[in-house]
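Me: Hi! I'd like to go through a model with you, one contact at a time. Could you put it up here?

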Amino acid sequence: MTDDDFMTAALALAENAALTGEVPVGAVVVLDGQIIGRGQNAPIRQHDPSAHAEILALREAAQSLGNYRLPGCTLFVTLEPCCMCAGAIQHARLARVVYGARDPKTGACGSVVNLFAETRLNHHTVLEGGVLATPSSLLLRQFFQARR
């Protein structure tokens, strides 16, 4: 499978989140070509400010591997991770993060800050943004337009 295929899986989760009234963000964790963790935004439903798609996907992947460290894994997420998620990604020791849409308000991969470029931190995850950015952005834009 390609990066686009995995991002498409994350987009399907984002669409599910939108159907439940959550901000449409989806994420999958991949190891050796297999999805080992899935998440979609759920802070409203779970009454949990940490229930971002990335965090939920990381939790499922960690359970799947029986380890909180996820070396060699890639996270695909439809929206640029925030500072909270970037911190969790670094603690999990992910090899790579691939995201769709940039987040000009809270993005921690370069839009507002870039925690992954901080040389004083002991782990550095490779970033790639813009994968299926158009459908990711469109889904978010349609979700917020419908609420205005």
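Me: Thanks! Is F143 buried or exposed?
Reply: F143 counts as buried, at 6% relative accessibility. Buried here means under 20% relative accessible area, exposed means over 50%, and partly exposed is in between, with a 1.4 Å probe and protein chains only.

Me: Before we go on, what should I know about the model and the numbering?
Reply: This is a predicted model, so to speak of local features we need pLDDT of at least 70, and side-chain atom pairs count only at pLDDT 80 or more, while totals for chains, interfaces and linings use all residues. Residues are numbered from 1 along each chain as its sequence is written, and side-chain values use heavy atoms, with hydrogens and water left out.

Me: Good. How many aromatic pairs does the structure hold?
Reply: It holds two. Rings of Phe, Tyr and Trp (its six-membered ring) pair if their centres lie within 6.5 Å; planes under 30 degrees apart count as stacked, over 60 as edge-to-face and the rest as tilted. In one of the pairs, the ring centres of F6 and F76 are 5.2 Å apart and the planes are at 35°, so that pair is tilted.

Me: Which parts of the chain does the F6 and F76 pair tie together?
Reply: F6 lies in helix α1 and F76 in strand β3 (residues 74–79), so the pair ties together parts that are 70 residues apart in sequence. Helices (H or I, at least four residues) and strands (E, at least two) are DSSP runs, numbered from the N terminus. Both F6 and F76 are buried.

Me: And which residue does F143 pair with?
Reply: F143 pairs with F144, edge-to-face, at 5.1 Å centre to centre and 85° between the planes. F144 is partly exposed, with a relative accessible area of 33%.

Me: Let's switch to E22. Where does E22 lie?
Reply: E22 is in the loop between α1 (3–19) and β1 (26–31). E22 is buried, at a relative accessible area of 1%.

Me: What is E22 in contact with?
Reply: Leaving aside neighbours within four places in sequence, the contacts of E22 are A17, N41, A42, P43, I44, R45 and F143. Contact means heavy atoms within 4.5 Å. A polar atom of the E22 side chain also lies 3.0 Å from the backbone nitrogen of I44.

Me: Which residue forms a salt bridge with E22?
Reply: That's R45, with the closest N and O atoms 4.0 Å apart. R45 lies in helix α2 (residues 43–46) and E22 in the loop between α1 and β1, so the pair ties together parts that are 23 residues apart in sequence. R45 is partly exposed, with a relative accessible area of 39%. A salt bridge is a side-chain nitrogen of Lys or Arg within 4 Å of a carboxyl oxygen of Asp or Glu.

Me: How many salt bridges are there in the structure?
Reply: The structure holds four. Among them is the one where the side chains of E128 and R96 meet, at 2.9 Å, N to O. E128 lies in strand β5 (residues 126–129) and R96 in strand β4 (residues 96–101), so this pair ties together parts that are 32 residues apart in sequence. D3, R96 and E128 are linked in a network of salt bridges.

Me: And what does E118 form a salt bridge with?
Reply: E118 forms one with R120, the closest N and O atoms being 2.6 Å apart. E118 counts as partly exposed at 24% relative accessibility, whereas R120 counts as exposed at 73%.

Me: Last one: which strands does β1 pair with?
Reply: β1 pairs with strand β2 (residues 34–40) in the antiparallel sense over six bridges, and with β3 in the antiparallel sense over four bridges. Two strands pair if DSSP finds at least two bridges between them. In β3, F76 is the bridge partner of V28. β1 and β2 form a hairpin with two residues between them, and D32 in the turn has a positive phi of about 55°. β1 is mostly covered, with five of its six residues buried.

Technical notes:
A polar contact is a pair of N or O atoms within 3.5 Å; within protein, one must be able to donate a hydrogen and the other to accept it, and residues adjacent in sequence count only if both atoms are side-chain atoms.
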